[in-house]
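Biologist: Please show me the model, and then let us go through it.

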Amino acid sequence: MLGFSNISLSNFLFWATQKKWFLYALGLGVLLLSLPTPHDLQIKAKISIIILIVSLILIIKEPIPLPAVAIFILIAQIYGGVDTVDGISKSFMSDAVFFIMGSLMLAVVIIKQGWDSRIALGILKFTGNKTAGIALGFLSISAVLSSFIGEHTVAAIMLPIGMTLIRFTSANPSKVKNLSAVILFSIAYGCLIGSVGTPSGGGRNVIMINYLNQAGISISYFEWMLRVYPFIFIQIPIVSWIIMKTFKPEHRILDSSVRKLVIKVARSRAITGRNTLTVLIFILILSGWVFFSEKFGLGTIALTGVFLYLLGGFVKWSDLNKHTHWGVIILFGATISLGTSISKTGGAMWLADQLVYFLGTFMETIPFFREFVIIVVTTSMSNVLSSSATVAVLGPINLNLVPEILNIGLLTAMSSAFSYFTAVAAPACTIVYSSGMIRAKDFIKIGFRVGVISILLLIAYVNIYWPLFT
Amino acid sequence: MKILIAIGSKDFSTPTLRLGMKVAQAFHAKTTIIDVGEKISEFSSHLVELAHDQMESWDFDPPGVDVLEWAFNYLSDNKLIDAKQIEIGFPRSRLIDDGEDRKLVYLPGTVCENVNLILRNGDIVAELRDEVQVGKYDVTILGKSRKRNMSHDLLQYINSSIFVVNNYDDQKFDKILLPLNEASGMMKVAKYAIRVALALKIEIEILTVLENKSSNQIKSYNYNKVVKLIRRSGVQYAIEEKEGVVAEQIIKKADKNKIIVMKASSMSPIKRYFKGSIPLSVMNACDVPILIVK
């Protein structure tokens with residue numbers, strides 16, 4: 001056909017099939033661009049909203065590599081005249097991007113230090129040998145740790161501990177399916193629950209702080225904890241109970257497997273001076289986050305920690321380079337830049353106005369409806385996108401919805417952690433799912449229950465606890 | 001001759017591996033057994049890799065290795081690999097990452113030239129297509145998927161012959177259905193059918209479908225040559241002529257005891273993409289193993 005060989009035609013068709021979502025997204029973008037611009041919307045704002053819609057499709061369906069999506073977002077903003085090259089470059093690199101970069105690198109250092117065996121001993125010391133207690137222990141430890149060092153790091157550390165306990169209970173995974181689900185969901189959901197506790201718990205929190213700063217609102221590390229951390233303690237026992245009720249474990253007591261795990265851990269290599277030093281450096285970073293983050297930014301402090309680890313030879317650059325996903329970092333930079341553009345051009349305000357126009361009556365008449373809408377929209381998006389990307393794109397819109405900017409910002413960050421429904425939504429869930437010991441449909445089964453309860457709890461929490469701060 | 005056998009899980013891949021290895025044996029082919037694991041979201045891929053490194057430090061294999069080990073055990077139990085290798089056991093330490101997003105191990109074969117075990121992650125059609133292109137495989141053998149467009153995608157995009165193992169049972173299949181026409185390339189199809197028939201010790205049923213019986217176009221030089229080849233191979237055969245729509249007649253004749261071996265469509269890829277093809281219709285309609293020769 002037209003001189004093309006069958007092989008090149010077949011190659012073209014394969015490319016088109018693989019990239020179909022890219023072509024659909026592009027088609028939709030062109031269609032939206034050709035529609036008349038609403039009278040109350042600037043052309044720049046319209047273009048930034050169209051770029052947002054196209055990018056969301058590209059991020060969710062992944063027809064092209066994520067770094068390519070990032071590049072698309074950046075160049076489309078420049079070619080579309082949304083902002084100048086300098087403007088886009090400036091908004092591309094922020095403290096939030098520094099933090100995401102630093103936190104991904106810190107994860108590599110921390111995971112390689114062999115803290116896992118000590119953590120395992122710690123859990124078993126205070127949980128005893130009952131399955132319910134062990135599950136609660138896994139969930140609590142995962143939540144508390146992830147609130148400081150990030151969900152992905154904790155999930156990677158905790159996963160083999162949980163898997164070893166399961167293997168010691170039965171060598172045949174099919175005989176301990178429910179026990180596997182209980183232990184592994186306790187880890188994954190523990191990580192998600194904890195990740196909102198402090199600003200350093202996840203990139204999304206820092207992205208939100210970035211947007212709040214742009215809106216002229218500053219929140220310290222400690223103040224964030226004061227407002228958010230109690231919610232973690234409320235969620236822990238309730239979610240643990242739901243997990244135990246949903247997957248009734250085959251064994252109520254795990255005494256022999258606990259004993260075997262303790263013996264295995266005891267035989268593992270002893271803590272060295274260098275290991276202790278890595279802990280001390282991390283405590284230093286943590287103190288920096290708590291006391292100096294408002295002045296220097298969380299990202300700068302995280303990168304300082306990485307610098308110290310590299311300086312001390314605790315990690316090789318080649319290891320950091322291999323395990324740090326630079327594409328994701330570039331993507332977050334690009335989405336934050338797009339979020340900033342939507343906000344600056346008035347697109348965020350326009351989108352918020354549309355939401356208020358359609359739902360305003362309900363928001364005013366039905367109690368808690370406003371919180372409900374924000375939580376449901378954020379939760380839904382974070383389950384198909386990623387929590388950080390959700391906050392990056394939804395943050396500026398949500399902040400324009402109501403005058404209580406700080407509360408809405410925190411609410412958005414908190415509900416973006418409700419990625420309970422799918423295995424792909426949050427790194428902690430993907431890591432646990434990648435063990436092959438739980439099924440994708442288990443996420444739906446448990447995710448729905450935990451998700452609904454968490455939404456209701458959060459609505460109650462913000463209406464009962466947060467008014468105390470005003 | 002190079003054969004690629006795609007397996008998916010320990011629970012459902014036994015028939016694919018059994019039939020695949022029989023075919024490999026018949027062709028004395030270089031064989032690769034591949035497991036394509038689920039695609040991991042790019043957001044988490046590096047973190048998952050890090051978690052798997054951590055799992056290995058606690059003596060856990062990354063997902064998929066257990067499937068390769070199961071395949072290795074099948075090969076050892078049936079003495080399809082070198083005795084020395086069977087004695088050593090599954091060479092977990094020799095499972096190397098080749099830097100192309102795949103892990104692989106080489107095993108010296110006995111009944112076939114060599115056996116490689118490969119682990120990849122991603123979209124099954126894209127990964128198989130890539131593997132076929134890189135490894136220049138002649139036949140790809142895999143189980144039938146429940147996914148709606150899978151048959152279409154396999155036929156459309158994988159540049160090798162495709163053998164879809166569907167409901168295979170050693171005892172059940174005693175015939176090969178070989179739809180024959182005068183198109184070029186029928187000799188190759190016949191050769192494949194003969195090899196499979198010899199490997200499984202079954203007979204061939206040649207089916208010729210004429211749109212109009214009076215035309216007698218099928219008794220061409222090519223056709224007679226193919227029949228002669230089958231006769232000389234020593235495989236028992238029978239010939240049947242039918243009149244009607246080709247795909248419909250093949251589907252009618254494909255009983256539950258027949259493996260179908262047929263030629264791939266010679267239409268252009270664009271036409272095939274939009275209009276479909278006879279092999280695709282047959283593959284979608286029949287619940288028996290089907291080898292489409294390209």
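Biologist: How many bridges join strand β11 of chain B to strand β12 of chain B?

Modeller: First, this is a predicted model: local features need pLDDT of at least 70, side-chain atom pairs count only at pLDDT 80 or more, and totals for chains, interfaces and linings use all residues. Residues are numbered from 1 along each chain as written, chains are lettered from A and ligands numbered from 1 in written order, and side-chain values use heavy atoms, without hydrogens and water. Strands (E, at least two residues) and helices (H or I, at least four) are DSSP runs, numbered from the N terminus. β11 (residues 258-263) and β12 (residues 290-293) of chain B run parallel, and the number of bridges joining them is four.

Biologist: Which residue is the bridge partner of M262(B) in β12(B)?

Modeller: V261(B) stands opposite L291(B). For M262(B), the partner in β12(B) is I292(B).

Biologist: Which strands are the edge strands of the sheet in chain B?

Modeller: Strands pair if DSSP finds at least two bridges between them. The open, mixed sheet has 12 strands, in the order β3-β4-β5-β2-β1-β6-β7-β12-β11-β8-β9-β10 (chain B). Each edge strand pairs on one side only: they are β3 (96-97) and β10 (237-243) of chain B.

Biologist: What angle does helix α1 of chain B make with β1(B)?

Modeller: Contact means heavy atoms within 4.5 Å. Axes are lines fitted to C-alpha atoms, for helices over the stretch in contact, and angles run from 0 to 180 degrees between N-to-C directions. Helix α1 (residues 14-27) of chain B packs on the sheet and touches β1, β2, β6 and β7 of chain B; its angle with β1(B) is about 175°.

Biologist: Why is β11(B) largely enclosed by the rest of the structure?

Modeller: Buried means under 20% relative accessible area, exposed over 50%, partly exposed in between (1.4 Å probe, protein chains only). β11(B) is largely enclosed because the buried share of its six residues is five.

Biologist: How far apart are the end C-alpha atoms of helix α3 of chain A?

Modeller: The expected span is 1.5 Å times one less than the number of residues. For the 19 residues of α3 (residues 43-61) of chain A, that gives 27 Å, which agrees with the distance between the end C-alpha atoms, 27 Å.

Biologist: How much area do domain 1 and domain 2 of chain B bury between them?

Modeller: Domain bounds, from an automatic or database assignment, are 2-165 for domain 1 and 175-287 for domain 2 of chain B. Buried area is the accessible area (1.4 Å probe) that two parts lose on being put together, summed over both. Carbon and sulfur atoms carry 67% of the area buried between these domains, which is about 1500 Å².
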